[in-house]
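These are my notebook entries on one structure, written up in the order in which I looked things up.

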Number of protein chains: 4
Amino acid sequence: MDYDDQYHFRMPLRVRDYEVDSQGIVNNAIYLHYLEHTRHEFCRQVGTSFRQMQAEGVDPVIRSIQIQYLTPLTLGEDMESCLSLRREGARFIFVQDIYRLPDHRPVVKAECTVVCLENGRLTRGDILAGPFAAYL
Amino acid sequence: MDYDDQYHFRMPLRVRDYEVDSQGIVNNAIYLHYLEHTRHEFCRQVGTSFRQMQAEGVDPVIRSIQIQYLTPLTLGEDMESCLSLRREGARFIFVQDIYRLPDHRPVVKAECTVVCLENGRLTRGDILAGPFAAYL
Amino acid sequence: MDYDDQYHFRMPLRVRDYEVDSQGIVNNAIYLHYLEHTRHEFCRQVGTSFRQMQAEGVDPVIRSIQIQYLTPLTLGEDMESCLSLRREGARFIFVQDIYRLPDHRPVVKAECTVVCLENGRLTRGDILAGPFAAYL
Amino acid sequence: MDYDDQYHFRMPLRVRDYEVDSQGIVNNAIYLHYLEHTRHEFCRQVGTSFRQMQAEGVDPVIRSIQIQYLTPLTLGEDMESCLSLRREGARFIFVQDIYRLPDHRPVVKAECTVVCLENGRLTRGDILAGPFAAYL
C-alpha cells in the first residue's frame, strides 16, 4: 500500500505561534487539538458535522488516545494531517499521523478510539457509521 | 481607599508552564482566561455559578474588554487576581487587576463589560444583579 | 474609503470546534489568538516573522488590547480576519476586525498596541517599522 | 498496596470553565495540560523545575502518551491528580491518574513517557534522575 492509498483524508495545517510553548516547540496537548480538528474536517467532507450529530442527540466521545511524538514542530512550520478509519464493533478507530512539510518527516503517530453515546448511553455506533460507510 | 478595600474578591493563581509561549512569557490571550476564571470563582463565592445561570436560561456574555499589559509573567510565577464590580444599567463592569507575587507588581489591568442574555435577547440584568447585591 | 481599501491584510479562518466553550460560542480569549495569528501571518506576508525578529534580538510585545464582541461565532463557522496598521512613535497600532462569512457581519473589533523591546528595553521601533514601511 | 501508597504525588485541581467544550465536558486535550501541570508541580516538590532544567541545558521531552478517558468532567468540578514514577533506562514513565472529587471516580488513566535531551541529543537521563532519586 503506497503513501497515497494509506489514508482516507489529509489536510494541511500551519503551526500558530501561540501553540509553541516555552521549550520552543508545539506543546504536547496541542497535537490533540490538531487531531480533533482533522477528525471534524473529515466529518465535514463526508457530509456530517459535530453540530449536526449533537442536534440529532448523538454524542461521539473519545475513549482512548495513544500518541507517539517523533519530531517536534516549531514556529511557523507547515504540516499535513492524515487520517484513516476502521470500525471494531461499537468503536471507531482513527489512525492519525501528522507529517512535517515540506520534508514529510513524521511528527506524531496516533490512534484515537471514539464511541457514540445517545442520552449518555453507549450505542452500537450505527448512526456514526452511516456517513463513514464508504471508508469502513 | 487602601489596597485591602479596593477589591471585592481576590484569589491566588500560579502560571502553568503550558501558558508560557515561545517568547518565554505568558501569552496575551491567557490573561483573559485568568480573568474569566476569577469572575467565575467570584460567582461561586456569592453563591451562584455559570452552570446554574445557564440552567436558568440566563447567559452572561462579554461585550468588551480593555486590558493593559504591564509586567509579563513567566514560568512558575505566582499572582493574585483581584476583582471589583460595578453596575451601569444593563452592564456589569468587572475591574480586574492581576499582581505578581510576592512583590505585588501590577501585571495586567483590565475592565470587562458583561451583559445578560435571556433566549438570546438583552435583559436588564436583574437576575445577574441578585447574587451580586452586596457589592453593587 | 471603501471596504477593500480599509485594510492592509485579510485572511480566512475557520472556527475549530475545541475553541467553542460550554456556552456554545467561541470563548472570548480565543479571539486574541485569532488576532495574534493574523498579525503573524501579516508579518509573513511582508517578509518577516516572529522567529526572525527573535533571532535578531527584537521582541515585539503587546502593551494593550481593546476588543468589542459584537456577534458570537459558533461551531464550524467561517470568518475573515482583517488588519490595518498605523504607527504612533514607538507604538504600532493594529486595527483588527473579524467578520463572519458569508454574511460579513462584524464579529469583533479590536485595537492592539505593540511595542518593541531589545534586551528588555523599549526601542523606538525602527526595526519593526522596516518591513511595514509600505503601510505606514 | 493501598490507595495512599500507590502514588508519589497528588494535587487538587478544579475545572476552569473555559476548559469545557461545546459538548459540555472538559476537552480531551485539556487533560494533557492537567497531566503536564501535575508533573511540573511534582518537579517543584522535589526541588527542581522546568526553568532550572532548561537553564542547565537539559530538555525533558514527551516521547509518548497513552490515555484512557473514563468519566468526563464538567463545569466547576474538582479533581485529584495523582502521579507515580518509574525509570526504564533512559525513559521516565509517569503513571498519572485523575479522580473526580468528592466521589473518587476515575476520570483518566494515563502513562506519559519522558526522555531527556541535551543539546538536542538523547541522554541517559541521569540529570533528571537526580531529583527523583527518592522515588526510583
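**Entry 1: a pair within chain A.** I looked up Arg86(A) and found it partly exposed, because its relative accessibility is 35%; on this scale buried means under 20% relative accessible area, exposed means over 50%, and partly exposed lies in between, with a 1.4 Å probe and the protein chains only. The side chain of Arg86(A) meets that of Glu111(A) in a salt bridge, with 3.9 Å from N to O, a term that asks for a side-chain nitrogen of Lys or Arg within 4 Å of a carboxyl oxygen of Asp or Glu. The two partners come from distant parts of the chain, 25 residues apart, with Arg86(A) in strand S3 (residues 78-88) and Glu111(A) in strand S5 (residues 106-118) of chain A. Helices (H or I, at least four residues) and strands (E, at least two) are DSSP runs, numbered from the N terminus. Glu111(A) also counts as partly exposed, at 32% relative accessibility.

**Entry 2: how the model is to be read.** I noted that this is a predicted model, in which local features need pLDDT of at least 70 and side-chain atom pairs count only at pLDDT 80 or more, while totals for chains, interfaces and linings use all residues. Residues are numbered from 1 along each chain as its sequence is written, chains are lettered from A and ligands numbered from 1 in the order in which they are written, and side-chain values use heavy atoms, with hydrogens and water left out.

**Entry 3: a second pair in chain A.** I then found Arg124(A) and Asp126(A) joined by a salt bridge of 2.8 Å, N to O. Arg124(A) is exposed, with a relative accessible area of 64%, whereas Asp126(A) is partly exposed at 40%. Over all chains, the search of the whole structure finds 48 salt bridges.

**Entry 4: Glu41(C) and its partners.** Which side chain of chain A meets Glu41(C) in a salt bridge? I found that it is Arg14(A), at 2.7 Å from N to O. Glu41(C) also forms a salt bridge with Arg44(C), at 3.9 Å, N to O, and these two are three residues apart in helix H2 of chain C, which means a separation of about one helical turn. An α-helix has 3.6 residues a turn, so residues three or four places apart point the same way. Glu41(C) is buried, with a relative accessible area of 14%, while Arg44(C) is partly exposed at 34%. Salt bridges with shared partners join Arg14(A), Asp78(A), Glu41(C) and Arg44(C) into one network.

**Entry 5: the helix itself.** I checked H2(C) and found 14 of its 16 residues buried, so the helix is largely enclosed by the rest of the structure. After H2(C) comes Gly47(C), with a positive phi near 95°.

**Entry 6: where chain C meets chain A.** I found 22 residues of chain C in contact with 21 residues of chain A, where contact means heavy atoms within 4.5 Å. Arg16(C), Tyr18(C) and Arg51(C) supply 34% of the area that chain C buries against chain A, more than any other three residues; buried area is the accessible area (1.4 Å probe) that two parts lose on being put together, summed over both. The count of salt bridges between the two chains is four.
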